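Me: I would like to learn how to read a few features of a structure, beginning with the residues around a ligand. Could you take me through them one at a time?

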Amino acid sequence: MSGPEPGRPAPGGATAGVSRSVFRDRDELVRVVAARLVEALAGAQAAHGSASVVLTGGRVAADVYRTVRERTDRDSVDWSRVDVWWGDERFLPAGHPDRNETQARAALLDALPLDPARVHPMPADDGPDGADPQAAAQRYAQALAGAAGPDGDLPRFDVLLLGVGEDGHVASVFPGHPVTGATEPVAAVRDSPKPPPVRITLTLPAIGTAGEVWLVAAGADKAGAVRLALTEAGADAVSADAAAPGAWTGTAGALPAAVVRGVDHTHWFLDREAVPPGP
Ligand SMILES: O=C1O[C@H](COP(=O)(O)O)[C@@H](O)[C@H](O)[C@H]1O
């Protein structure tokens with residue numbers, strides 16, 4: 001591994017609060033993110049009495065969830081005092097295998113003694129609002145507001161996990177899509193460039209209320225987006241003109257992965273393949 005201790009700020013990083021860790025391979029990356037997640041949730045409970053996590057979808061996230069499930073120390077977290085939210089969802093019927101909720105439940109949540117009232121999946125397209133993603137997004141915003149304190153629309157998010165798309169999207173905020181400019185906490189996404197076309201997502205301002213934002217990316221197909229995003233984040237001095245073929249080739253400023261920040265800290269967890277050689 002290179003870089004600072006995972007999940008902890010880089011000393012003297014170019015941008016305050018943005019740091020990264022690069023792991024030998026995907027397995028090591030997944031192991032460390034799983035370990036840090038257990039540690040962070042236990043730490044949040046020690047500090048606040050409860051903890052909250054915002055889950056992402058995607059392949060590497062599923063591996064992290066399976067690894068948390070298998071950890072012998074996983075019960076250092078009191079799972080009955082964890083609030084589980086989602087950063088985005090594919091707007092499909094409940095139980096559909098492509099829903100991020102279905103993936104997270106199968107990989108981890110079904111094995112944990114969670115309080116069902118504290119598990120907050122985004123609505124499905126056969127839910128109370130039917131196939132109206134705008135109404136479903138509004139419903140999720142209301143659920144978030146209901147869990148928030150008196151002064152805000154959003155509850156405390158201790159750790160917010162993000163996968164990173166080959167195009168530099170995070171959650172379901174896609175580069176060049178109008179959702180990048182959304183200011184309400186939760187947005188409906190139509191015409192997603194990645195299937196399925198209809199989604200629900202936390203917006204960039206909502207993501208930015210999390211204490212810790214962790215971006216997790218593995219594999220060479222993510223290297224172009226990672227390079228651009230780290231350039232914009234100021235966490236690395238790489239050239240923006242070297243995006244991998246097929247990856248996002250727009251300007252770094254338009255890349256959602258480049259602009260997300262946690263309130264306290266933003267950390268990139270990467271494997272070596274996702275980090276192209278520097279200049
Ligand atoms: O569609 C989505 O994709 C991204 C990235 O997924 P990956 O499999 O390329 O890691 C994910 O972060 C997002 O939650 C999901 O809806």
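Reply: We can begin with residue classes: Ala, Val, Leu, Ile, Met, Phe, Trp, Tyr, Cys and Pro count as nonpolar, Asp, Glu, Lys and Arg as charged, and the others, Gly among them, as polar. In this predicted model, the shell around the ligand is made up of 7 polar, 4 charged and 2 nonpolar residues.

Me: Which of the 13 residues around the ligand come nearest?

Reply: Those that come nearest are Thr56, Gly57, Gly58, Arg59 and Gly163. As for the elements, α2 (59-70) and β4 (88-90) are the ones that give two or more residues to this shell around the ligand.

Me: Does alanine 223 count as buried or exposed?

Reply: A residue is taken as buried if 20 or more other C-beta atoms lie within 10 Å of its own. Alanine 223 counts as buried because it has 22 C-beta neighbours inside 10 Å, and its place is in helix α6 (residues 223-233). Between alanine 223 and methionine 122 there are 30 Å in space, C-alpha to C-alpha, and the two are 101 residues apart in sequence.

Me: What is the mean pLDDT of the protein chain, and where does pLDDT stay under 50?

Reply: pLDDT expresses the predictor's confidence in each residue, from 0 to 100. The protein chain has a mean of 89, with 86% of its residues reaching 70 or more. Over residues 1-15 the pLDDT stays under 50, and the model has 36 contacts beyond four places in sequence for them. Residues 234-249 also have pLDDT below 50, and this stretch has 42 contacts in the model beyond near neighbours in sequence. For the model, the scores are ipTM 0.98 and pTM 0.90.

Notes: Residues are numbered from 1 along each chain as its sequence is written. This is a predicted model: local features need pLDDT of at least 70, side-chain atom pairs count only at pLDDT 80 or more; totals for chains, interfaces and linings use all residues. A residue is near a molecule or strand if its C-beta atom, placed from the backbone, lies within 6 Å of it. Helices (H or I, at least four residues) and strands (E, at least two) are DSSP runs, numbered from the N terminus. A residue is buried if 20 or more other C-beta atoms lie within 10 Å of its own, exposed if 12 or fewer, and partly exposed in between; C-beta atoms are placed from the backbone. Two residues are in contact if their C-beta atoms, placed from the backbone, lie within 7 Å.
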